[in-house]
Amino acid sequence: MLAYVAATCVLWALSGVLAVSTGFALAAGAGGTSRAWRWLSNGGITLTRGLPTSLLVVAAGVISIRIPPQSWLPDPFPATPSASGPVAWAVLLALALGSAGHFAVIFQTAYTALGRARVEQSIVLGAPPLRRLSLLSREAATAAIPPTAARLVHHLHNTAFAALFPVADLFGWIENGANETFNITRFVVAGGAVYVALSGLIWAGFKAIELRLRLPRANAKARGRRLAPAPDGAP
């Protein structure tokens, strides 16, 4: 079972990183100055949000299942036969595309939540572009992290689509165990408990990041209140 849990974690982590990176690139392109990039990025967001992830995974699996193993492809997937490496990578890419558009909208909304005045203020202050990007990203992160965490939990559940093909994952272990032993309840309860535990770890990790980002802002506001002059007549 541990190998299948590890396989799900690898599939989730690699496809999640790719989905977040692609979503950020789409969000940046949609808000850019180039009309062509805006058109392409918005089209990509609409397409990846509109197509069901299951359809993307099935299409990727069917197309890649006839591709022979490639020696140059890395093989990070535990319990997955090396002959199924191309299928595993195709499923991983499909999972990433299935979430990329959703992440793009989350990042766009977080950036919009900053307000135009805050963005213009960072430009007027004359900070270098990288410094300005760092400051704005930190402020936008407090709005982006909760929905990002929720989407990554959903992304974890989407990895179950890998069981449609010879790619090892936790859901595949549940199916195989239930079919081989007919002890459906035991495998469903055990697999469900692991999914719940992994989902809880994702939520807890991002909640810790959210609290860490909010704490400096809360401390800064508290210091500002202490240093503010008292109104006339106040003790």
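Good morning. The structure is a predicted model, in which local features need pLDDT of at least 70 and side-chain atom pairs count only at pLDDT 80 or more, while totals for chains, interfaces and linings use all residues. Residues are numbered from 1 along each chain as its sequence is written, and side-chain values use heavy atoms, with hydrogens and water left out.

I begin with the fold. The chain holds eight helices and zero strands, giving the pattern α-α-α-α-α-α-α-α along the sequence. Helices here are DSSP runs of H or I with at least four residues, strands are runs of E with at least two, and both are numbered from the N terminus.

Of contacts between residues at least 6 apart in sequence, 75% join residues at least 24 apart; a contact means heavy atoms within 4.5 Å.

Next, the surface. The chain exposes about 13,900 Å², with carbon and sulfur atoms supplying 68% of it, by the Shrake-Rupley method with a 1.4 Å probe. Of the 235 residues, 35% are buried, where buried means under 20% relative accessible area, exposed over 50%, and partly exposed in between.

Finally, which residues form a salt bridge? Lys207 pairs with Glu210, their closest N and O atoms being 3.7 Å apart. The term requires a side-chain nitrogen of Lys or Arg within 4 Å of a carboxyl oxygen of Asp or Glu, and the whole structure has one such bridge. Both residues lie in helix H8 (residues 184-227), three residues and so about one helical turn apart. Lys207 is partly exposed at 30% relative accessibility, whereas Glu210 is buried at 9%. Thank you.

Note on methods: Buried means under 20% relative accessible area, exposed over 50%, partly exposed in between (1.4 Å probe, protein chains only).
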